[in-house]
Amino acid sequence: MTKQILSTGLLAAAVATTFSFAAPALAWEPTKNVEFIVPAGTGGGADQMARVIQSIIAKNNLMKQSMVVINKGGGAGAEGFLDVKGSKGDPHKIVITLSNLFTTPMATGVPFSWKDLTPVRMMALDQFVLWVNKENPAKTPKEFLEQMKKAGPGKTKMGGTGSKQEDQIITVAIEKQAGVKFTYIPYKGGGEVATQLVGKHVDSTVNNPIEAVAQWRAGNLRPLCVFDDTRMPYKAKVTADMSWADIPTCKESGLTTDYLMLRGIFMPGGVTADQVKYYVDLMEKVRQTPEWKKFMEDGAFNQTALTGKEYADWVASAEKLHYGLMKEAGFLAPGK
Amino acid sequence: MEEGDKAVTSLRAAEVVMAGLFLVFGAVVMWDSQRLGAAWGSDGPQAGYFPFYIGLFIVIASGANLLQAFRMGEKGAHAFVKRGELRMVLAVLFPTVVYVALIANPWFGLGIYVASALYIAWFMWRLGGYGPVKIVPVCLGVVIFFFLMFEIWFKVPLPKGPLEAALGFS
Amino acid sequence: MQEIQSLIGGFAIAMSWFNLALMFAGVTLGVLIGVLPGLGGANGVAILLPLTFTMAQQPGGATSAIILLSCIYWGALFGGAITSILFNIPGEPWSVATTFDGYPLSQQGRAGAALTAAFTSSFIGALVAVLLITFISPIIARFALKFGPPEFFAVYLLTFCAFVGMAKGAAFKTIAAMMAGFALAAVGIDTVTGQLRLTFGFMELLKGFDFLIAVIGLFGIGEILLTIEEGLEFRGAKARLNMKVVLETWKELPRYWRTSVRSSAVGCLMGIVPGGATPASFMAYGLAKRVSKDGEQFGNGKVEGVVAPETAAHAAGTSALLPMLTLGVPGSPTAAVLLGGLLIWGLQPGPLLFTEQKDFVWGLIASMYLGNIVGLIVVLTCVPLFASILRVPFSIIAPVILVICAIGAYTVHSSMFDVWLMLVFGVLGYVFKKLNYPMAPLVLALVLGDRAEDSFRQSVLGSQGDLLVFFSNPLVGTITGAALLLLFWPLLSGGWSALRKRAAT
């Protein structure tokens, strides 16, 4: 582990130096189509964001060449990350991440890490919200947990995306904190999970806002709390009487779990500072468009957006955080 | 009996080899599944449970197939494939393997477009007996159509080689 | 009827010369995409999405944009059948079942009839699904919510039970082939535990075996190798090339109305759930084979064997748009891309879409009617053209087909490994066919195996190990019961007739 931290530090330093010396004179530009790898299937949160970015770039002519979104979700995202890892030095490839950047190598032992990639920039952080079906009498996390305790261990079903990934990590964190036991049921996609909750095939979910917002607006789901230390800033009413900002944090109700998921852009390793700068600037232009701002608000994203060393540092600490969480939950692959 | 009508292998031999392959495959599946845990846990089957029994079924079924192959009697001596037939099949299969190897390999990948043009040309020349007057337009037409379709219109990147690079499409 | 009024409003929006022209363009492009196994409807829709943003800015443009996109979708659905029938290569996964009778028909010189039957049935399946969407969509949406893991497992079980027993050849070979399909489906990451299965440390195996690669190899390449063995030509080159074949086939089709009705029902159910168009086509084929009085002849080139899977596939493909619109759950990759498009146009799919975006929704539904009519006209007029491909000399068309197969295999995961895999499957397909190993059960197990296993384990997790979960409510109990009934039908009917015989003597 010490070796890992050391190399992280070195890399962060390297990134920092390259940035401070980046010459703006002969700016690099793509000379052919840029492949935008999504290490997940179609329709999920990462896929939606990638396609929104692609369409914003196309609509506003932000790039001379085209951007092509390619889904490589096999092996819990390993397919996509291994592809980018193997494209060392290719500046016409970028990848959007979700938590499986950390969780997949830890859970399966597939050899890749964010250190094989070049961090470009963080686009946003995705929130997690505890949802129950509208017909569930619990109105607060406390009531929900009491209801769980009354039902007995394992009687409450938590639906989530994938196994040993973010949804299950949060589930285990809640269990540890509150001394309860869920039966975790893994599904393939976030939209499917939200629908299963509406159909009462599971009792609760920790869906991202964008995955569940349509069902919330239609009055089928109820948000209990958000897993962040501050409330979401969006004050526009989503339903008749609630906005995103009206959802309390889980901390407010005594559940101190917080978890945010990285939505960031990486490039393959071995690319030049010029090339990185091109994509940093491109994504900055994307972030300034009204379409992006609307997308952020619809999905109630946390709009933290880091670049350069700060971004690399953030990723390094996120990896450590995941290692701790995965270890605690017993999700690490043998030998990790 | 003409040379081309001679059997390369008997039907029985082919059946035995195929059943044997299935047997090995099933055994490998079982072996990897018990490593993962093939029991019925407290909350349902473990990761290896279904694959283990699938492997077992393969082993049993191919064992039965093996027995049947040995008991084929008269019919087992029939030709699985005759020399002339195999020659034809290999005449297509071998160039196809070369074609796939030419698309991309660590040494001199030509890209799918050039390799396809060569492959179609070879096929038309050797197996169809066409001359260059027909071969050239067909090859170019097909390959350019695919290039436009995939690279230009639908932006589906396919493996490319030095020629595309020289034309600025690398 | 409020729906009819809204629909007429929708037609008023959709019916303009500009939109009709877009429909023709979209369908033609879609057919082309459907024909090439390397391109799916998702590609076409994804590429044209940006174009539609500019369109959407003009007044009424959002409807034009969705018309263009959905017509590509219809076109691709139509196009998938063409290569299945002509060359035994399914352009899309849901046209695998179409090869079973479509290709033999084409070998008998009846490619025109097979194509006409396929296109017409597709149209009818889609039409039934659109009618359903028009008039009872709220009920359907609520029905779809009833489907949890046990119900999904029961549906997959039903698909299997409808299909098994239909394979010809030795029983042990059928078992071996089917189980091999299940084993291949298990390769990769296990959804429930996140463990790697059967990958043996090979990174290429992480993503598992893709259905399309196996199918292109087993059916397409295998068939070409077999054809070559018998000499360098395609049988069926003498296909007749005029429009009369369309009318003649139409005269025959009303005879199969039972199959059409049954397949439409199966398709709509599977589309809404969403179980997908591929299982729908297999299930419809299996049921038709059991129920039809010509069932024994299926697989030797029966028009009815083309009608069943095509009707079901289109009914499913069309009704799959409903869960996308009302639940935000895409029923297919193409639907997923359309979903992304809706979000960017500022439309939020979900239960409220039908009330908040009336104009858009009814414009879309109207375009489903019109798009399918336009599609049918386009593809039917092209039947002679498609059939004439078979007249191209073998030594020209065969390498082109092999190139298309290679491209198709590559594009699934942008991986050369898959192209090699396709060749291996091709050789296997050749040997399997010669040794009478049936391939259909292998393919079905490969496409449904991991889904069935996932939903089984999700169910058992939820019930904490209790298998009675598959009979825990009337819905799942009925489906499971029907599946078991189908499975043991040969035994039961055999026993019944034995009893009757005994009573008679």
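These legends walk through several close-up views of a predicted model. Residues are numbered from 1 along each chain as its sequence is written, while chains are lettered from A and ligands numbered from 1 in the order in which they are written. Because the model is predicted, local features need pLDDT of at least 70 and side-chain atom pairs count only at pLDDT 80 or more, whereas totals for chains, interfaces and linings use all residues.

**View 1. Chain C is a chain of 23 helices and two strands.** Helices (H or I, at least four residues) and strands (E, at least two) are DSSP runs, numbered from the N terminus. The radius of gyration of chain C is 22 Å, close to the 23 Å from the globule rule for 505 residues, so chain C is as compact as a globular protein of that length. That radius is taken over C-alpha atoms, and the rule is 2.2 Å times the number of residues to the power 0.38. The C-alpha trace spans about 70 × 60 × 60 Å along its principal axes. Of the 505 residues of chain C, 67% count as buried. Here, a residue is buried if 20 or more other C-beta atoms lie within 10 Å of its own, exposed if 12 or fewer, and partly exposed in between, with C-beta atoms placed from the backbone. Among contacts in chain C with a separation of 6 or more, 79% come from residues 24 or more positions apart. Two residues are in contact if their C-beta atoms, placed from the backbone, lie within 7 Å.

**View 2. C:S395 sits in helix α19 (residues 394-413) of chain C.** Is this serine buried or partly exposed? C:S395 counts as partly exposed, because it has 19 C-beta neighbours inside 10 Å. To get your bearings, look for C:P438, which is 43 residues from C:S395 in sequence and 28 Å from it in space, C-alpha to C-alpha.

**View 3. Chain B meets chain C through 51 residues, in contact with 49 residues of chain C.** On the chain B side, the elements that give two or more residues include α1 (11-36), α2 (49-70) and α3 (83-103). Helix α2(B) gives the most, with ten residues. By class, this side of chain B has 38 nonpolar, eight polar and five charged residues. For these classes, Ala, Val, Leu, Ile, Met, Phe, Trp, Tyr, Cys and Pro count as nonpolar, Asp, Glu, Lys and Arg as charged, and the others, Gly among them, as polar.
The contact between chains B and A takes four residues from chain B and five residues from chain A. There, the chain B side has two nonpolar, one polar and one charged residues.

**View 4. B:G26 lies in helix α1 of chain B.** With 24 C-beta neighbours inside 10 Å, B:G26 counts as buried. Which residues does B:G26 contact, leaving aside its neighbours within four places in sequence? They are B:G55, B:I58, B:V59 and B:S62. The C-alpha atoms of B:G26 and B:A61 are separated by 9.6 Å, and these residues are 35 apart along the chain.

**View 5. Helix α5 (residues 141-151) of chain A has A:P141, A:F144, A:L145 and A:M148 as its buried residues.** Seen down the helix axis, these residues fall within an arc of 95 degrees, so they line one face of α5(A). The arc is that of the directions from the helix axis to the C-beta atoms. Their cover includes β5 (129-133), β6 (156-161), α6 (166-178) and β9 (221-226) of chain A.

**View 6. Five strands of chain A form an open sheet in the order β7-β6-β8-β5-β9, with mixed pairing.** Two strands pair if DSSP finds at least two bridges between them. Strands β7 (182-187) and β9 of chain A stand at the edges with a single partner strand each, so one side of each is left without a neighbour in the sheet. Five bridges link β5(A) and β9(A) in the antiparallel sense; A:W131 has A:P223 of β9(A) as its bridge partner.

**View 7. Strand β10 (residues 261-268) of chain A is mostly covered, with eight of its eight residues buried.** Strand β3 (residues 93-96) of chain A runs antiparallel to β10(A) and joins it through two bridges. Here, A:I96 is partnered by A:I265 of β10(A). Strand β4 (residues 117-126) of chain A is also antiparallel to β10(A), with eight bridges, and A:L125 has A:L262 of β10(A) as its bridge partner.
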